[in-house]
Amino acid sequence: MFGESRLILGTGGAESLAALEAAIVASGTELVTVALRRVDAAGPGLLPMLDRLGMRILPNTAGCYTAADAVKAAHLARDAFETDLVKLEVIGDERTLLPDGVELLRAAETLVADGFQVLPYTSDDPILARRLADVGCAAVMPAGAPIGSGLGISNPHHIRLIRDSVDVPVVLDAGIGTASDAALAMELGCDAVLIASAVTRAVDPARMAAAMRHAVEAGRLAFGAGRIPKRYHALASTSDEGRPAW
Amino acid sequence: MKVIVNGATRDVDVVSVEGLVEQLTTARRGVAVAVNGEVVPRSSWPAAQLRDGDRVEVLTAAQGG
């Protein structure tokens, strides 16, 4: 669904199409988000560039505050981009941009019935994540922290609980600020991360995109490798056996 | 005939959604249309007739996370 890179890049926040293109290439992503906006405001060039790079499109429903609006936006996106994938966003308020769980679940249910592959941007609430999976969402995408905050993963325990409580892929979405946040998400067992601002608003977006690519790969490897348990006292790595007596 | 296109009133001499879209953009892929809040699928654009006072949204891909 999200490709071998396990990194979905959000295209919002880039200063120019050229900067965005460089970041996309450096990130190794195969799937990028786009929004739908009025043609007179959107400007040309984004879609041709993404097509040229062979990107798959994940349309979002950014800016929707009700289930009804988000459902409509999803249908428009499907018509525009000829994809059943949708990043479902139903925002609760402008200050936090955190999801409205009630409206989100309602929209998800409708869109699943309409044949969409729904990837909901949700909070880090394990119960809501499970409810979203139960109604047939193709993945769940919990926020590590508010969109654009760069605060990292506020509650890693909940992200792990979400991983344990759903059978669909978990994508850490929102909050990532730097490479170590992306690595942590993968170490917690997330299947992928979705990163926008941390790359597009970095001083050097392409370099940060490369950092994220390596971080995701490192975190995934570490998760698969099985980390040592944490302990409160030391455990010598050098054996006492054969120690000389002075 | 006057229709409201993307929030601005326009005098149009076309009668179909297809004709209106052609005036706004040469792109086809990545464009979606709603009339009075209802999605008009691309396949219906040639047949969909505009009426005086219709509110039309013509949308396309924009950068967004």
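**Figure 1. Salt bridges in the predicted model.** Across the whole structure, a search over all chains finds 12 salt bridges. The model is a predicted one. Side chains of opposite charge can pair when their charged atoms come close. Two of the salt bridges lie between chain B and chain A. The close-ups below take up individual pairs, and then the strands and helices.

**Figure 2. The salt bridge between D51(A) and R29(B).** The closest N and O atoms of D51(A) and R29(B) are 2.8 Å apart, and the two residues form a salt bridge. D51(A) belongs to helix α3 (residues 46–52) of chain A, while R29(B) sits in the loop between α1 and β3 of chain B, so the pair joins two chains. D51(A) has a relative accessible area of 36% and is partly exposed. R29(B) is partly exposed as well, with a relative accessible area of 32%.

**Figure 3. The salt bridge between R38(A) and E57(B).** Here R38(A) pairs with E57(B) in a salt bridge, with 2.7 Å between the closest N and O atoms. R38(A) is part of strand β2 (residues 31–38) of chain A.

**Figure 4. The contact between chain B and chain A.** In this view 24 residues of chain B are in contact with 33 residues of chain A. The two chains bury about 2300 Å² between them, and 56% of this area is on carbon and sulfur atoms. Of the area that chain B buries against chain A, 30% is supplied by R29(B), Q63(B) and G65(B), more than by any other three residues.

**Figure 5. Charged residues D173(A) and K87(A) within chain A.** The side chains of D173(A) and K87(A) meet in a salt bridge, at 3.1 Å from N to O. D173(A) is in strand β7 (residues 171–173) and K87(A) in strand β4 (residues 85–88) of chain A; the pair links distant parts of the chain, 86 residues apart. Both D173(A) and K87(A) are buried. Salt bridges with shared partners connect K87(A), E89(A) and D173(A) in one network.

**Figure 6. The salt bridge between D84(A) and R78(A).** D84(A) and R78(A) form a salt bridge in which the closest N and O atoms are 3.4 Å apart. D84(A) counts as partly exposed, at 35% relative accessibility. R78(A) also counts as partly exposed, at 23% relative accessibility.

**Figure 7. Strand β1 of chain A and its partners.** From strand β1 (residues 7–10) of chain A, L7(A) and L9(A) point one way and I8(A) and G10(A) the other way; all are buried. β1(A) runs parallel to strand β8 (residues 192–195) of chain A, and three bridges join the two. Within this pairing, I8(A) stands opposite L194(A). Three bridges also join β1(A) to strand β2 (residues 31–38) of chain A, again in parallel. There G10(A) is placed opposite T33(A). A UniProt annotation from an unreviewed entry, "domain: Thiazole synthase ThiG", covers residues 4–238 of chain A. Over those residues the chain is 44% helix and 15% strand, with the end C-alpha atoms 38 Å apart.

**Figure 8. Helix α1 of chain B and its cover.** The buried residues of helix α1 (residues 17–24) of chain B are V17(B), G19(B), L20(B) and V21(B).

Definitions and conventions: Residues are numbered from 1 along each chain as its sequence is written. Chains are lettered from A and ligands numbered from 1 in the order in which they are written. This is a predicted model: local features need pLDDT of at least 70, side-chain atom pairs count only at pLDDT 80 or more; totals for chains, interfaces and linings use all residues. Side-chain values use heavy atoms; hydrogens and water are left out. UniProt positions are given in the numbering used here, feature names are shortened, and annotations may be inferred rather than shown by experiment. Helices (H or I, at least four residues) and strands (E, at least two) are DSSP runs, numbered from the N terminus. Buried means under 20% relative accessible area, exposed over 50%, partly exposed in between (1.4 Å probe, protein chains only). Two strands pair if DSSP finds at least two bridges between them. Contact means heavy atoms within 4.5 Å. Buried area is the accessible area (1.4 Å probe) that two parts lose on being put together, summed over both. A salt bridge is a side-chain nitrogen of Lys or Arg within 4 Å of a carboxyl oxygen of Asp or Glu.
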